Amino acid sequence: MKYGKLLGAAAALLAAGSTVALAADVKVGSAAGITGPIEGLVPPILAGRDLAAAHVNEQGGILGGGTYVLVPGDSQCNPKAAVDAGTKLVNVEQVVAVIGPSCSGATNGMVQSVNIPAGVVTLSDSATAPMISFLEDNDLVFRAAPSDGYQSSALAQHVWDQGLRKIAVTYANDDYNAGLGEAFVAAFEHIGGTIAGKQAHEPDRQSYRSELATLAGGGAEALAVFAYYGGSGITILRNSLENALFDQFLGADGMMDNSVIEQLGADTLRGKITLSQPAPQAEGDSGPGESYTAFAEAFKAAGHDPEAPYVAHGYDVAFLMALAIEKAGAADRSKISAALREVANAPGMVIRPGEWAKAREAIAAGEDVNYEGASGDIEFDENGDVAGATYSFNGVGDDGTWTPMQ
Amino acid sequence: MMDFVNFHLIPGVVLGSIYALGAIGVTLTFGILRFANFAHGETMTLGAYLTLTLVLLTGWHALLFLPVALALTALLVLAMDRMFFRPLRHAPSIILVIASFGLMLMVRSLVQVIWGTELQGFSKGITLPWVLFDSLRVFPKHVVILTAAIALMVAVHVLLRHTRTGKAMRAMSDSPELARLTGIDTERVVRATWIVGAGLAAAAGIFLAYDSHVETLMGFKMLLPVFASALLGGLGRPYGAMAGGLVIGVVEELSTYAWIGSEPLLPPGYKAGVAFAIMVAILIWRPSGLFRGRVF
Amino acid sequence: MEQLYGIFVYAVFLLTMGGIYAVLTLGLNIQWGFTGLFNAGVAGFFAIGAYTTAFLTTAPSARHFGGFELPAGAGMVAAMVASALIAWGVARICIRLRSDYLAIATLGIAEIFRLVLKNETWATNGARGVSLIPKPFEHLPEPWNQVAMLLLVFAIVLVLYGLLERARRAPWGRVMSAIRENEAAARAAGKNVDKLRIEAFILGAAIMGLGGALMAHHIKFIDPNMAEPVSATFLVWVMLVIGGSANNRGAILGALLVWTIWSTTEIITTRLPTEWALKAAYLRIFLVGLALQLILQRYPGGIFRERRLRTSTTASNRGGGSHP
């Protein structure tokens, strides 16, 4: 019995080997900070990317039945490691294109040193540093995450509309949160608000009580926390609430994860926190749009939390890259850049997360397609950036999960 | 004024006592095995994750498992010593440092594989403090951590002063050659060192997790301040390590107090550098540490 | 054919990174191998070199200080000078400390440097780093620009090797090893031990600064994460100890060997099935650690042992952290 199975597996392997000639695997590099400072954030993002690949492979595969394979690379959130991972993906694995890596610094190093010289398209799901727009990239670098100004301005405007006038700001001193924090301060002051104290903090400390006590001395109505939930976000909320230093909080998508509610308790947080998250809205309606819902349901069914930071972006970049390869008609590096723009940007038949079969047929019929992603509509401008999505503002709902609030 | 006590002094003392527990292990390893053990931070992480597993299995309070977790961690560390340090017992100390670096990488990756990298916690929700005299805020968990830390330190004191093993450890730390001549079973002392060091490191990890949460890099992030504490107290000096840990914990927290005006004295982004600044200052002013450590 | 070409490009890249690490390892070898100075702050001098050349060779930018558009060669020389100057300051404070104290002091100073780079945003662009650093030969077509970079790195490694071998054999090198073996005797013989140790510390740091500059030009980007201690200090130590300290050839080959292990293990782990992808990435680091342990147990004195100038009775007692 046991041996029979083994033989069967061996035969299947051989069979798989022989079909290669008909419909080859299409390999795309999937770089992320799997180990290193953001290692806690990465597994859900990779799950998002893998879900997109599963959708492609379940619905007929890529380029005439080939398997869409994501080859992982560990960029460690460190440019040195990212460059090393990138060169292995591009040269040894011979991937068609690269999605990721996670951090802005890792992305910056990898594209400049490896991907651009090799003519390989990079599509990042979470690099938000404005600098990346200014690289001489021969149109090879794309981002599905908006540059940080957008989210901060949207959040600043939202809390201003909610009546907040005086806010204290603390941000983790890393390449993602520092940008968000600075942009928020500028945006809120521009509207006319007052910043009652601003601090950069070193992430991963055991306690922020002393920093928070100083910030609370400024008399602010709320605390804006720009941090990853695991690095310092949860600790800051915990220290503030336990010591009654602040009782209103706002933040961005780096904070939005179920573990925040799990760790601190839904009742503790209800009515006290507002987190912004890119979420395409339905036309004329304030609820989450169809694209996001389609993704969220599939992701939940796969046993993951769709609200974790950047998982929707992760799904989008993997799906979009498959669309671009299908559109290009061949696993040809030089054709991906143009194809990516075509499948992402309007006009064209609207394709939503999970609709691979539909997209494949449309592309085969020569129709133009337009992917509207879970994280936003994704229309690349001339720098390969997306404009700010619409954002939802979330609090803790009655069911104890993150829920969009009015 | 009460802000100073509540938000700077008390957190500093709690953090300092956790540093101190970690630093005792570093300093003992240094005194007896003669190398700086980079895997010490991962020992803390291991203690916290073992406790987490027991908590998730039973649903009981984390601190009930303190003895079990300490023993388990010590056993694992003894096994690691057997595999990776014992074959190098007579090698130069730099080789042991590099071996401990390799071990650090190995333990961390096993923790990542077994428990995953996502953040977890011993308990849910927040705990509110007791408010005494209308202004003093005391957290039950901090009282527990401090009491347990002090109890562990007293236990170490008793061990070192009043047991044969402890006396042998001190003798070996003072002069290994002499200790060997007087017929002390050095391997036995080495085992005792690992058990004490690993147990205290596990306790430090568990207290840290109890105060905040469990994550894969928690021990590594403690490593440098713990080294600084051990050095401040004088390498090879367990009492020095206790004092060093407390000093560093408290000064770190006080560095962001608004001593002048309403802004923190030191921008909080530099907080992690405080331990090192103290350390360098001490090295210039009193190179053998506060408690006259080993100079060789 | 494409696969072969890819492997060729990867090999060029692997050797370039290995070569840059070899520069760092040679710098450390002067300090530790020849003089016995336990510098655990390699990352600090690496960062000073990398940022110095980044400021001098980039185009003007509102994001960070500098922008003088100097040629890369000038940037590298300046990187060495800047590292040397700072090393002089550090050495003045720390040089008299015994090996383990010196290690922790330099580790601390390097961490303080990294915090400054992260926090003084006006000058360094903080955690966002400095981008668009020019790379030598980047106007050449692929893959010749990469080959040219490799040749440059190896030319530098060879020149350093030649100079260090000469220095080792010269009176200066002999005095250095005399200090390392028996400081009291060297002092008794009238040598200014502190001055000589400061010289070695500065020379080693300048070479580390050069390594940092090469890395900045190679990656075209530098941020404070690149100066974190694991990949910028400890890895260099591992390379030196594995290769064989006090042996320049060992330092170079140790760097190439360890970097190859560090990098190629990922090629193996990505071969595992996708459901293992995450765990494989964690296990890769486990494999690196295990490889280290195996090499240490097999070659506790490093693969290349020190080559003695003459027979010495202390030869068996080499490489210890606690010099008598």
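This briefing describes the interface of chain C and chain A, and then a sheet in chain A. The model is predicted, so local features need pLDDT of at least 70 and side-chain atom pairs count only at pLDDT 80 or more, while totals for chains, interfaces and linings use all residues. Residues are numbered from 1 along each chain as its sequence is written, chains are lettered from A in the order in which they are written, and side-chain values use heavy atoms, with hydrogens and water left out.

**Interface of chain C and chain A**

- Chain C and chain A each give 44 residues to the contact, where contact means heavy atoms within 4.5 Å.
- The two chains bury about 3700 Å² between them, 55% of it on carbon and sulfur atoms; buried area is the accessible area (1.4 Å probe) that two parts lose on being put together, summed over both.
- Across this interface there are 2 salt bridges, a salt bridge being a side-chain nitrogen of Lys or Arg within 4 Å of a carboxyl oxygen of Asp or Glu.
- One salt bridge joins the side chains of A:Glu202 and C:Lys118 (3.5 Å, N to O).
- On the side of chain C that touches chain A, H1(C) gives the largest share, 9 residues, helices being DSSP runs (H or I) of at least four residues and strands (E) of at least two, numbered from the N terminus.

**Sheet of chain A**

- In chain A, 5 strands form an open sheet with parallel pairing in the order S2-S1-S3-S4-S5, where two strands pair if DSSP finds at least two bridges between them.
- Strand S2 (68-74) and strand S5 (141-143) of chain A stand at the edges with a single partner strand each, so one side of each is left without a neighbour in the sheet.
- Strand S4 (residues 122-124) of chain A pairs with S5(A) over 3 bridges in the parallel sense, and A:Thr122 has A:Val141 in S5(A) as its bridge partner.
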